[in-house]
Amino acid sequence: MFGEFYKTNINDELNMIDLNIKALHVLTKLYLKKMIKKDSGRILNVASSAAFLPGPLMSTYYSTKSYVFKLTTAIYEELRRIKSNVKVSVLCPGPVDTNFNKRAGVSFSVKSLSSKYVACYAIKKMFKDKLVIVPGFMNKLSVIGCKIAPLKLLLKIDYNIQRKKER
């Protein structure tokens, strides 16, 4: 869904929330309970580099990815505190060459990473117990920039980047 929040379709947004938040939340909780009992296992949740940005013009999508990021990092700390052998990671890729653009009705202004590269990178880092997995040098730079830039500057930059995606 692309566009101003007040103009986007509420049913499409609720479907996205059901998929990106509710389904992930339920599956993570159910699997995590079993893994904690066995004191073994790994969960790799998929967020996005969008989790680090405010996301004007794609506010619902960005918000759902922020939820995935926050949930996973919170679980990580809980597991660490109970000295669990269960590991969680969150994948935060930037643009990936998938059907996302067509589904979202946008086109990326930067080069996408291949889905194969992102998947292999994510699995490799997950097995090295990496908490936040950001594939691609430019994506890593972008995430660092998001952490140090003032929010109002990020809003302006992100809005202009999003506007360029519009078909």
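Analyst: Buried means under 20% relative accessible area, exposed means over 50%, and partly exposed lies in between, with a 1.4 Å probe and protein chains only. This is a predicted model, in which local features need pLDDT of at least 70 and side-chain atom pairs count only at pLDDT 80 or more, while totals for chains, interfaces and linings use all residues. Residues are numbered from 1 along each chain as its sequence is written, and side-chain values use heavy atoms, with hydrogens and water left out.

User: Why is Phe-69 called buried?

Analyst: Phe-69 has a relative accessibility of 14%. Buried requires a value under 20%, so Phe-69 counts as buried.

User: What places Phe-69 in the largest nonpolar core, and which elements contribute to this core?

Analyst: A nonpolar core is a set of buried Ala, Val, Leu, Ile, Met, Phe, Trp, Tyr and Cys residues joined through side-chain atoms within 4.5 Å. The largest one has 20 residues, and Phe-69 and Cys-92 touch the most other members. Helix H1 (10-38), helix H2 (59-81), strand E2 (87-91) and helix H5 (137-148) each give two or more residues to this core; H2 supplies the largest share, five residues. Helices (H or I, at least four residues) and strands (E, at least two) are DSSP runs, numbered from the N terminus.

User: Which residues are in contact with Phe-69, leaving aside neighbours within four places in sequence?

Analyst: Contact means heavy atoms within 4.5 Å. On that basis Phe-69 is in contact with Ala-47, Ala-51, Phe-52, Val-90, Cys-92 and Val-132.

User: How many aromatic pairs are there, and why is the pair of Phe-52 and Phe-69 described as it is?

Analyst: The structure holds three aromatic pairs. The ring centres of Phe-52 and Phe-69 are 4.9 Å apart and the planes stand at 65°, so this pair is edge-to-face. The rule is that rings of Phe, Tyr and Trp (its six-membered ring) pair if their centres lie within 6.5 Å, with planes under 30 degrees apart counted as stacked, over 60 as edge-to-face and the rest as tilted. The pair links distant parts of the chain, 17 residues apart: Phe-52 lies in the loop between strand E1 (42-46) and H2, and Phe-69 in helix H2. Phe-52, at 15% relative accessible area, is also buried.

User: What makes Thr-72 buried, and which side chain does Thr-72 meet in a polar contact?

Analyst: Thr-72, found in helix H2, has a relative accessible area of 1% and is therefore buried. The side chain of Thr-72 makes a polar contact with that of Asn-45 at 3.0 Å. Such a contact is a pair of N or O atoms within 3.5 Å; within protein, one must be able to donate a hydrogen and the other to accept it, and residues adjacent in sequence count only if both atoms are side-chain atoms.

User: Why is the pair of Arg-42 and Asp-129 called a salt bridge?

Analyst: A salt bridge is a side-chain nitrogen of Lys or Arg within 4 Å of a carboxyl oxygen of Asp or Glu. The closest N and O atoms of Arg-42 and Asp-129 are 2.7 Å apart, so the pair meets the rule. Arg-42 lies in strand E1 and Asp-129 in the loop between helix H4 (115-126) and strand E5 (132-133), so the pair ties together parts that are 87 residues apart in sequence. Arg-42, at 29%, is partly exposed.
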